[in-house]
Amino acid sequence: MNSQKVQKNQCDMKTDLNLLLECLKYQMDCPLSQKEALITIYSICQQNSEASEYFREIGGLMFINDLAKSSVHCIVKEAALFTLGIIIESNVYCQQTLCTSALFEDLILFLIKKDSGVNLKRMSVYVILVLVSNNKDGQTYVRDTGCISLLLQLFRTTLSTSEKNLSDENMDPCYQLWSSVCSTLCACVNNPQNEDNQNICCSVFPYAKECLESCTKPEIVRPICSFLGLTVANNSYVQKYFFTIGGLDTLAKVLLELMHDSCVSHSSMKLAVVVTKTLDACIANNSAMGVVLAKYHTVSELLKLLSNETLSTGEKISIILTIGHCTEVCEENQCELLQNNGLPLMIQILTECQDEELIKAATFVLQNCKQMTEQLSLKLHDNSLNVNNAEELDAQVRKRCLQDYWKKAKEILHRINSIEKEHNEERVQGEIFVDESYVASSEALKSHEVNPADPRKCTERTHKDVCCPQLTSKLNNKVLAPTSAPQKNETVNTMDAASTRQTEQRNIPCSVTELQTDSVPPSHNINGKTACGNNWSGLQAGEQLFKQPAETVRNMKQTCTSDQHSFCSEKTERVKSTSAASSSHKMADLRCLGCTAGGLSLNSKTFTKMLQSCLHRCEHHRVILEAEERYRGELRRVAAGNSSRSATHQKMLLAPVKKDRLHKEMPTFRSKKDSFQSK
């Protein structure tokens with residue numbers, strides 16, 4: 001059904017065109033009838049390639065062409081030319097058929113005749129437009145026949161000064177003729193690009209510049225900017241010529257004026273985008289010419305325009321490309337881009353936008369500014385802008401602010417790198433220490449395993465752990481070595497421990513009491529080989545790290561009351577500060593064992609022991625030894641925490657003792673204790 005309907009419509013169309021052509025032929029003495037027939041023909045052929053092609057096949061195209069040349073009636077000429085334009089625009093074969101030098105010469109006659117009205121000239125320009133559009137041969141004919149020169153003359157002379165300030169462009173025929181001429185000139189130089197026609201059309205640039213300076217209405221600015229942009233596109237010679245006549249200055253001023261009006265007028269903002277595209281075309285192949293735009297702060301104005309939320313993606317791309325060409329080789333524009341937060345804006349576009357073309361445009365700007373940070377830091381005080389004194393002073397202040405900004409940025413980056421480096425080192429050292437402490441504690445447990453059946457050995461180990469706790473002083477944040485250690489053959493009486501501690505506490509020096517700032521961890525009170533083994537390994541670690549003093553204090557108290565602890569701590573702090581101050585003044589210039597052992601083969605372990613055995617150390621080695629003691633104290637504290645967690649875990653795994661069994665074993669334990677004490 002659909003195919004039959006289509007065939008029926010085609011048949012009806014062909015029948016109508018045949019009848020209309022016959023009407024044109026037999027109504028030569030009736031111009032109104034011919035005009036009506038022509039209007040009906042172009043309504044059928046408009047945007048209908050098949051109808052236009054059929055009308056060409058039946059000879060209707062050439063008949064209308066002859067009618068336009070031979071008719072003496074102006075209305076018939078105008079209708080015939082307009083119908084020709086519609087058919088040529090709808091079908092490329094019709095365009096090729098009529099694209100001849102003879103037709104261009106006939107159109108030139110219509111344009112130069114004095115009796116030709118504005119509408120007839122307008123229809124003639126329209127036919128030229130459709131002949132050269134997307135047609136290289138038409139662009140060649142329009143140049144060879146001199147038609148392009150006539151179009152340039154119409155561009156200069158059609159609009160008068162009063163007509164530039166028109167109120168309603170749709171009602172003014174001269175403006176519509178001038179607008180058609182602008183569109184035709186654009187087609188003569190573009191798509192495909194025709195450099196010869198571009199070089200010819202640049203002769204009217206001074207007039208276009210004057211029009212922009214005298215009027216900034218959209219009806220004037222938009223056609224001129226389109227013509228300028230297509231004429232200078234990809235043509236270095238034409239771009240340089242436009243630069244030499246001050247065209248870039250004029251466009252920059254127009255953009256500045258439109259940006260001031262864009263706050264209250266949406267049309268001004270849209271027109272500013274058109275001017276931006278023209279600016280980009282003028283400097284695309286000669287980015288060095290963009291330096292003239294710096295004195296008008298064009299980059300900052302473009303950044304303001306880019307921040308408008310009503311812009312389409314295509315408009316944003318045009319603005320970003322213009323910024324890229326402005327900042328490609330011009331350091332002043334690069335500096336202005338930085339000062340107006342242009343780089344963060346480009347980075348934001350890269351991260352948030354999904355359009356590939358927009359991302360490429362933003363990347364282009366960032367690549368242009370890749371090396372400008374180094375150049376600005378070296379040449380920031382050497383560059384000077386050709387502006388008046390007030391503007392120059394303001395530029396210098398901005399440069400200083402920019403230099404301070406980069407210094408702060410470098411300092412922040414350095415601090416971040418340092419923190420990351422320290423964090424990585426601490427993490428690596430922590431992992432190494434955990435592995436080493438675990439291995440050391442395991443070996444200590446194996447080598448010093450205690451038999452729970454031997455109460456004497458277990459008690460002796462427990463006594464050593466109680467008497468030599470490795471604690472950290474809360475007053476000076478230093479790890480202190482215990483000042484006394486029990487002998488191996490010494491025996492502890494567990495039943496009289498309380499009385500013994502009360503008796504000997506009066507004789508304990510302050511330095512010993514200071515060690516007991518905290519109570520012994522709960523893991524020391526667990527019976528069995530785990531508690532004894534862990535504490536014994538901690539004691540051996542302490543003996544390896546610190547040298548034991550000659551004086552020995554026996555049966556130290558396990559815990560100290562808070563009053564005694566605070567008194568002894570203050571006492572010890574004053575003694576330490578006094579002795580440290582006096583020794584630092586006396587021994588600052590003396591040479592210790594560490595200074596005289598330069599030729600010996602030492603490692604970190606033997607060198608530390610040698611420094612600990614030295615009574616008078618120099619200031620340098622004293623600081624080194626204190627730092628090492630603080631570091632090893634932190635290691636021991638972590639090791640003690642690991643041992644405590646291991647002991648607690650094992651305690652949880654012990655089987656509970658039944659109550660009746662405990663009563664049975666108590667007499668046996670007491671008898672063994674009495675025999676142990678008698679020995």
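At 76% relative accessibility, Q47 counts as exposed. This residue belongs to a predicted model, whose secondary structure comes to 34 helices and zero strands. Of the 679 residues of the protein, 41% count as buried.

**Confidence**

- The average pLDDT of the protein is 74, and 63% of the residues score at least 70.
- Over residues 437–572, pLDDT stays under 50, and the model has 170 contacts beyond four places in sequence for this stretch.
- Where pLDDT is low, the predicted coordinates should not be read in detail.

**Overall packing**

- Among contacts between residues at least 6 apart in sequence, 76% join residues at least 24 apart.
- The accessible surface of the protein comes to about 38,000 Å², and carbon and sulfur atoms account for 52% of this surface.

**Backbone features in loops**

- Most residues other than glycine have a negative phi, and most peptide bonds are trans.
- Q47 is not a glycine, yet has a positive phi of about 55°; Q47 is found in the loop between α2 (31–45) and α3 (49–57).
- N134, likewise not a glycine, has a positive phi of about 55°. N134 lies in the loop between α8 and α9 and is exposed, with a relative accessible area of 56%.
- The peptide bond from N191 to P192 is cis, with omega near 0°. P192 is found in the loop between α12 and α13 (195–201).

**Helix α8**

- Helix α8 spans residues 118–132, which makes 15 residues. From first C-alpha to last, α8 reaches 21 Å, close to the 21 Å expected at 1.5 Å a residue.
- The helix is mostly covered, with 11 of its 15 residues buried.
- The buried residues of α8 include L120, M123, Y126 and I128, together with K121 and S124. The run from V130 through L131 to V132 is buried as well.
- The cover over the buried residues of α8 includes the helices α5 (74–90), α6 (92–98) and α7 (101–112). Also among the covering elements are α9 (136–144), α10 (147–157) and α12 (173–189).
- Just after α8 comes N134, with its positive phi of about 55°.

**Aromatic pairs and a charge over a ring**

- The count of aromatic pairs in the model comes to 10.
- The ring centres of F205 and Y241 lie 6.2 Å apart, with the planes at 25°, so this pair is stacked. The pair links distant parts of the chain, with F205 in helix α14 (residues 205–214) and Y241 in helix α16 (residues 236–244), 36 residues apart.
- F205 is buried, with a relative accessible area of 0%, whereas Y241 is partly exposed, with a relative accessible area of 27%.
- F205 also pairs with F242: their ring centres are 5.4 Å apart and their planes at 80°, so the pair is edge-to-face. This pair too links distant parts of the chain, F205 in α14 and F242 in α16, 37 residues apart.
- F242 is buried, with a relative accessible area of 2%.
- F155, Y175, W178, F205, Y207, F227, Y241 and F242 form one aromatic cluster.
- K25 lies over the face of F63, at 5.9 Å from the ring centre.

Conventions
Residues numbered from 1 in each chain as written. Predicted model: local features only at pLDDT ≥ 70, side-chain atom pairs only at ≥ 80, totals over all residues. Heavy atoms only, no water. Helix = DSSP H or I, 4+ residues; strand = E, 2+ residues; numbered from the N terminus. Expected span 1.5 Å × (residues − 1). Buried < 20%, exposed > 50% of the residue type's maximum accessible area, 1.4 Å probe, protein only. Contact = heavy atoms within 4.5 Å. Phe/Tyr/Trp six-rings, centres within 6.5 Å; stacked < 30°, edge-to-face > 60°. Lys NZ or Arg CZ within 6 Å of the ring centre and 35° of its normal. pLDDT = per-residue confidence, 0-100. Areas by Shrake-Rupley, 256 points an atom, 1.4 Å probe, with all protein chains shown as cover.
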